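Please read them with the structure open.

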Amino acid sequence: MTPQTVSVAVERPDRPDVLALLDEHLSDMFATSPAESVHALDHGALGRADITFYTARDGDGALLGCGALAERGPVDGEIKSMRTTAAARGRGVASTILTAILTAARERGYSEVRLETGAEDYFAAARRLYARHGFTECPPFAPYVEDPHSVFMRLALSD
């Protein structure tokens with residue numbers, strides 16, 4: 001599989017295969033970080049009106065991954081719930097989802113996009129992905145506070 005065989009689309013987060021991936025995501029977050037440091041959204045929260053949920057699927061419709069863009073203000077957004085299936089990891093799927101989310105953020109006129117991810121080694125691949133796309137570390141942003149288990153990152157979208 002190459003990134004060109006991946007189709008990213010806006011979907012509701014309540015399809016059975018998506019629910020299973022999100023359950024896996026939440027389970028891993030709680031297994032990796034203290035509960036007070038887990039900021040992953042549950043299924044219901046990902047369906048809110050201020051969140052656009054994206055899935056990546058292969059040509060046969062199999063789920064490869066997901067991610068979300070939360071509107072945090074009129075000119076900024078936050079990336080939430082990025083997750084790739086185990087079978088799709090290392091194949092460019094996360095980069096494809098992130099690119100689609102960043103394109104949407106630019107189309108909305110956002111000046112920046114921020115995110116929170118984990119500080120543990122488990123999250124190293126995620127931090128590298130975001131850094132490859134130009135994200136840099138930043139201080140906590142609302143609603144977050146300083147946390148040794150979190151890394152906060154931002155990407156300026158304006159030219």
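1. **Terms and basis.** A nonpolar core here is a set of buried Ala, Val, Leu, Ile, Met, Phe, Trp, Tyr and Cys residues joined through side-chain atoms within 4.5 Å. Buried means under 20% relative accessible area, exposed means over 50%, and partly exposed lies in between (1.4 Å probe, protein chains only). This is a predicted model: local features need pLDDT of at least 70, side-chain atom pairs count only at pLDDT 80 or more, and totals for chains, interfaces and linings use all residues. Residues are numbered from 1 along each chain as its sequence is written, and side-chain values use heavy atoms, with hydrogens and water left out.

2. **The largest core.** The largest nonpolar core has 26 residues. Ile79, Met82, Leu98, Leu102, Tyr130 and Phe135 touch the most other members. At least two residues each come from S2, strand S3 (63-73), strand S4 (76-84), helix H3 (93-107), strand S5 (112-118), helix H4 (124-132) and strand S7 (150-156). Helices (H or I, at least four residues) and strands (E, at least two) are DSSP runs, numbered from the N terminus. H3 gives the largest share of this core, 8 residues.

3. Contact means heavy atoms within 4.5 Å. Leaving out residues up to four places away in sequence, Tyr130 touches Ile79, Met82, Leu98, Leu115, Thr117, Phe135 and Met153. Another core, of 12 residues, lies apart from the largest one. Its members include Leu21, Leu41, Ile51 and Leu63.

4. **Helix H3.** The expected span of a helix is 1.5 Å times one less than its number of residues. For the 15 residues of H3 that gives 21 Å, and the end C-alpha atoms are 21 Å apart, which agrees. Buried residues in H3 are Val93, Ala94, Thr96, Ile97, Leu98, Ile101, Leu102, Ala104 and Ala105. Just after H3, Gly109 has a positive phi of about 85 degrees.

5. **The sheet.** Strands of a sheet pair through backbone hydrogen bonds, either parallel or antiparallel. Two strands count as paired if DSSP finds at least two bridges between them. The open sheet has 7 strands in the order S1-S2-S3-S4-S5-S7-S6, with mixed pairing. Strand S1 (7-10) and S6 are the edge strands, each pairing on one side only. S4 and S5 run parallel, joined by 4 bridges. Ile79 stands opposite Leu115 in S5.

6. **Strand S7 and its partners.** Is S7 enclosed or open to the outside? 5 of its 7 residues are buried, so S7 is largely enclosed by the rest of the structure. S5 and S7 pair in the antiparallel sense over 7 bridges. Thr117 has Val151 in S7 as its bridge partner. Strand S6 (residues 136-137) also runs antiparallel to S7, with 2 bridges. Thr136 stands opposite Arg154 in S7.

7. **Aromatic pairs.** Rings of Phe, Tyr and Trp (its six-membered ring) pair if their centres lie within 6.5 Å; planes under 30 degrees apart count as stacked, over 60 as edge-to-face and the rest as tilted. By this rule there are 5 aromatic pairs. Tyr122 and Phe123 form an edge-to-face pair, 5.1 Å centre to centre with 80 degrees between the planes. Tyr122 is partly exposed at 43% relative accessibility, whereas Phe123 is buried at 7%. Phe141 and Tyr144 are also edge-to-face, with centres 5.0 Å apart and planes at 75 degrees. Both of these residues, Phe141 and Tyr144, are buried. Ring pairs link Phe141, Tyr144 and Phe152 into a cluster.

8. **Thr55.** Thr55 sits in strand S2 (residues 51-57). Thr55 counts as buried, at 1% relative accessibility. A polar contact is a pair of N or O atoms within 3.5 Å; within protein, one must be able to donate a hydrogen and the other to accept it, and residues adjacent in sequence count only if both atoms are side-chain atoms. The side chains of Thr55 and Glu11 make such a contact at 2.7 Å.

9. **Glu71.** Glu71 lies in strand S3. At 40% relative accessibility, Glu71 is partly exposed. Beyond its neighbours within four places in sequence, Glu71 is in contact with Asp50, Asp76 and Tyr110. With Tyr110 there is a side-chain polar contact of 3.5 Å.
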